[in-house]
Amino acid sequence: NYFLRFQIQVGVKKMAEETPAEPPPPAAAPEGEQAPKGVQACMDLTEFPLKNDYFEGMHMLPETVEKIDSAPNFRQVSGFPVFGVGQPTEEGFVKILEKTKASPEDKPGKIIWFNVRKEPVVYINGNPYAPRDPADLHRNINISYSVDQLDHLEKNLADIVTDKSQKNNQTIKVHKDLAFCENPMEREAEEVELKVEQIKGLQNIYDTMRESGFAGLT
């Protein structure tokens, strides 16, 4: 269905063996590498609202499949060290990578993470958000760019979110679907104001995972 087709797009593979109130501080800039100054992104996302990847009822696999709240629809190919999952939270990344180990004491080996999502993602306070076309908030944006272009676009998106939050007292407005609906045009959504504490690009999340003990992640 629509959700599975567009949201469950990430695979993980592990090779065997291997007084007056004080004014608030400025919003934190995105961690890690930022978009190169003066280099124009492949598209302008300034006016694209952000939508939370998470909503009620997004876990759609049978009850017999292990459920990880921060890693929607996590599953494993039976008998193989091959896994699939929807876009996880930052916390969910850690839980997933722990699952690739043969045992809790096992030293993480080589892990290949395939991300075939065709849109940029930004992490705000550890949760993933994606930009949406202002005229079509209920559908993923349909774009086709090279890996390098998308990497740069994600860094640019993090810069845009940082700039907007700094200009709005460390807050930013985001959209969230209230529940899953097969027809995207019938979905109900709400706009909420989010207090921004941390902003990260997806590549920064990967870097954090490597620093957390999964150096073999590529």
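Reader: In which helix do D163 and K167 both lie?
Author: This is a predicted model, in which local features need pLDDT of at least 70, side-chain atom pairs count only at pLDDT 80 or more, and totals for chains, interfaces and linings use all residues. Residues are numbered from 1 along each chain as its sequence is written, and side-chain values use heavy atoms, leaving out hydrogens and water. Helices (DSSP runs of H or I, at least four residues) and strands (runs of E, at least two) are numbered from the N terminus. D163 and K167 are four residues apart, about one turn of the helix, and both lie in α3.

Reader: What N to O distance does the salt bridge of D163 and K167 have?
Author: D163, at 34% relative accessibility, counts as partly exposed, while K167 is exposed with a relative accessible area of 67%, since buried means under 20%, exposed over 50% and partly exposed in between (1.4 Å probe, protein chains only). A salt bridge needs a side-chain nitrogen of Lys or Arg within 4 Å of a carboxyl oxygen of Asp or Glu. The side chains of D163 and K167 meet in such a bridge, with an N to O distance of 3.2 Å.

Reader: Which residue forms a salt bridge with K51?
Author: The structure holds ten salt bridges, and in one of them K51 has a partner whose closest N and O atoms are 2.7 Å apart. This pair links distant parts of the chain, because K51 sits in strand β2 (residues 50-52) and the partner in strand β8 (residues 171-177), 126 residues away. The partner of K51 is D177.

Reader: Which residue is linked with D53 and R117 in a network of salt bridges?
Author: D53 and R117 form a salt bridge with closest N and O atoms 2.8 Å apart, and they lie 64 residues apart, D53 in the loop between β2 and β3 (75-76) and R117 in the loop between β5 (111-115) and β6 (122-124). D53 counts as buried at 3% relative accessibility, and R117 is buried too, with a relative accessible area of 7%. The residue linked with D53 and R117 in the network is E119.

Reader: Is N142 buried or exposed?
Author: N142 lies in the loop between β7 (127-131) and α3 (147-167). From C-alpha to C-alpha, N142 is 7.2 Å from K118, although the two are 24 residues apart in sequence. With a relative accessibility of 68%, N142 counts as exposed.

Reader: What is the angle at which α2 and α4 pack?
Author: In helix α4 (residues 202-211), the buried residues are L202, N204, I205, Y206, T208 and M209, and their cover includes α2 (90-99), β5, β6, α3 and β10 (199-201). Where α2 and α4 are in contact (heavy atoms within 4.5 Å), E90, F93, V94 and L97 of α2 meet L202, I205, Y206, T208 and M209 of α4. The axes are lines fitted to C-alpha atoms over the stretch in contact, with angles from 0 to 180 degrees between N-to-C directions. The axes of α2 and α4 are 10 Å apart, and their angle is about 45°.

Reader: Which word describes how α2 and α4 lie to each other?
Author: Angles under 35 degrees count as roughly parallel, over 145 as roughly antiparallel, 65 to 115 as roughly perpendicular and the rest as oblique. With an angle of about 45°, α2 and α4 are therefore oblique.

Reader: Which residue just after α4 takes a positive phi?
Author: The chain has a positive phi of about 115° just beyond this helix. The residue that takes this phi is G213.
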